[in-house]
Amino acid sequence: MQFYRDGYRPGDPDIIPVAREALTRPTEFPAEMDVLIVGTGPAGTVLGAQLAEFPGIRTRVIERRGGPLQLGHADGVACRTVEMFQAFGLAEHLVREAYWVGEVHFWGPSEVDRTRIQRTGWVQDTPDGLSEFPHVIVNQARMQQFLLEHMEKSASRLQVDYGIEFVTLTVGDGPYPVTATLRHRGGEYDGEQFTVQAKYVVGCDGARSGVRTAIGRELSGDAANHAWGVMDVLATTDFPGWRTKNVVQSAGKGSLLMIPREGGNMVRCYVDLGEIPDGDTTIRSTTVDQLTSVANNILHPYSIDVRSVAWSSVYEVGQRLTDKFDDVPKDDATGRLPHVFIAGDACHTHSAKAGQGMNVSMQDAFNLGWKLAAVLEGRSDAALLHSYSAERQWVAADLIEFDRFWSAFIAQPAPDPAHPELGGVTAEQMQAEFARQGRYTAGLATKYTPSALIGGDEHQQLASGFEIGTRFHSSPVVRIADGKRVQLGHTHLADGRWRLYAFGDAGGSGLIDLATWLGESPDSPVRRFTAPGADIDSVIDVHGVFAAGHHDIDITTLPEMLLPHSGPLGLQDWEKAWALDPADDIYAARGIDSAGAIVVVRPDQYVAQVLPLSARAQVADFFAGFLRDQRAVVRR
């Protein structure tokens, strides 16, 4: 972490010096803004945290509630989401408080007495090597609090405007084409409506999204007519698996999914309430006592004595999706640009069984945030924003297909040997399926297809472990300047910059030649797409990884690109040059060819391209596909 690059300052380094733009921000709600974010759920808080990195972008976040969320419904945090939190500098806080899901235990009817359950097996929740971070459990409200605090500590000092609800919007022309009607809830101006103008509006306002309705989108899909009760309980019990994740199948009494929560005692119980008639809403009046009774029947001969309930609900499994995540008609051929977007539950809803709803919602916002920033700061044309819906809609569709299968699978009973015709899922089948879906539930199944932002795989063999279109899989390296062991992926901050990781050839000359060209040639994408007067790494952040030990590299011989001078004081950056870690060789772990490779990574941490070290024209052409040549920009 670097925090003296603009001069020494005492105090908490996580509190960034306030930007001039934030000091001049009006106290009253402005009439015009760049981005209006509606809602502070998982997607809204991630988007706010991302845009807070750019003080020059006028962002406002509104929330109809009178204050922050106190008790969230979602809690499962996939490994991929923790990786994203690391980019915001929040992973350490998150994993310190969280429950770490290490194992999944399986329970089924005893072969001796089918009225009793017994443990039938277990699997590791997240297979080794998928991520440097664990799958964890943290209350949604706490996760959102981390992000809100990050916004408030940023140079933007971005804060939420509570007690303001979205009413409707229209899209027209001009520099601020979106006219949004808002309304005060509570306080002196309760019920009073007012309008604002925005360049872009993002609806993160949940399954009943007003923004979605305003742009004519609809959620479509079907409920599965299968009900589950859920409750967060503090209880005493003789059940030996209380602090592990458990899948329990009983003999005819339903299924139970148990997930320990943070704090050492609380557990979330998903209680199978069975099939319900279409349109029957009486199941929603099921009480906590009734849920506890069903759970105890399933757990026999064990039981739980509930002492306190933090939250409970009854819901029907259902999966719904919109056909597009922006305001441009699906078959529009006019070239119209999007100005309104929806994210999270506003455009896809699903059951809690896959544990992906909150995680995918946050990834929606992470995908959109850097693109909005690139357009608003003039680094990319507005056509880039078409890629948000194009990339994220199919991800949500894939999630819903998985969720539909998974919800039905996990609700199936254990087979009854006396009635094999009734079917069911054996303990072995349940265990095998959990193991098979490990990559998906870790949040690592997303793979973007070739586009302007994702290259082809002609040179994939040069770095087979950095699969193009998937998230950048971090691995340890050693910083040459001081010998510190660091996860390479942790150099990737949520700051809107692209990363170019150059992995050296055996002698290192190819890496040195590339870094010299990137820093000096007028054809270099770093030179072409960085604004005059800006830091050389402000758009494309170049890192060099040498295929040697850190003592074998003479740091005084490295080109300026790997030791750039930047910041208001023009200080050297000593955190761009890396060597391999002999205890965990990144070249071997990620299949990097001895000839070296260029690995280009998007601002949202997805691998965009793999190229040879000598591919000068190809790397320049790739960036030219979505970045503006800043040499041609006339600045006033």
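## Exercises on a predicted model

At 6% relative accessibility, serine 474 counts as buried (buried means under 20% relative accessible area, exposed over 50%, partly exposed in between, with a 1.4 Å probe and protein chains only). This is a predicted model, in which local features need pLDDT of at least 70 and side-chain atom pairs count only at pLDDT 80 or more, while totals for chains, interfaces and linings use all residues. Residues are numbered from 1 along each chain as its sequence is written, and side-chain values use heavy atoms, with hydrogens and water left out.

**Exercise 1. Find out whether isoleucine 400 is buried or exposed, and what surrounds it.**

Step 1: Start from helix α9 (residues 386-410), which holds isoleucine 400.

Step 2: The relative accessible area of isoleucine 400 is 5%, so this residue is buried.

Step 3: Setting aside neighbours within four places in sequence, isoleucine 400 touches Gln319, Arg320, Leu321, His348, Thr349 and His350.

**Exercise 2. Examine the backbone at proline 301, arginine 157 and glutamine 605.**

Step 1: Keep a general rule in mind: most residues other than glycine have a negative phi, and most peptide bonds are trans.

Step 2: Between histidine 300 and proline 301 the peptide bond is cis, with omega near 15 degrees. Proline 301 belongs to the loop between α7 (288-299) and β16 (304-321).

Step 3: Arginine 157, although not a glycine, has a positive phi of about 50 degrees. You can find arginine 157 in the loop between α5 (140-153) and β8 (160-162); its relative accessible area of 26% makes it partly exposed.

Step 4: Glutamine 605 also has a positive phi, near 75 degrees. This residue is in the loop between β26 (597-601) and β27 (607-611), and at 7% relative accessibility glutamine 605 counts as buried.

**Exercise 3. Describe the whole protein, with its 15 helices and 27 strands.**

Step 1: For 636 residues, a compact globule would have a radius of gyration near 26 Å, and the protein agrees because its own value is 26 Å. The radius is taken over C-alpha atoms, and the globule rule is 2.2 Å times the number of residues to the power 0.38.

Step 2: Along the principal axes, the C-alpha atoms fill a box of roughly 75 × 65 × 55 Å.

Step 3: Of the 636 residues, 56% count as buried. Among contacts between residues at least 6 apart in sequence, 72% join residues at least 24 apart.

**Exercise 4. Summarise the annotated region, residues 446-630.**

Step 1: In an unreviewed entry, UniProt lists these residues as "domain: Phenol hydroxylase-like C-terminal dimerisation". UniProt positions are given in the numbering used here, feature names are shortened, and annotations may be inferred rather than shown by experiment.

Step 2: Over residues 446-630 the chain is 16% helix and 21% strand, with 32 Å between the end C-alpha atoms.

Note on methods. Helix = DSSP H or I, 4+ residues; strand = E, 2+ residues; numbered from the N terminus. Contact = heavy atoms within 4.5 Å.
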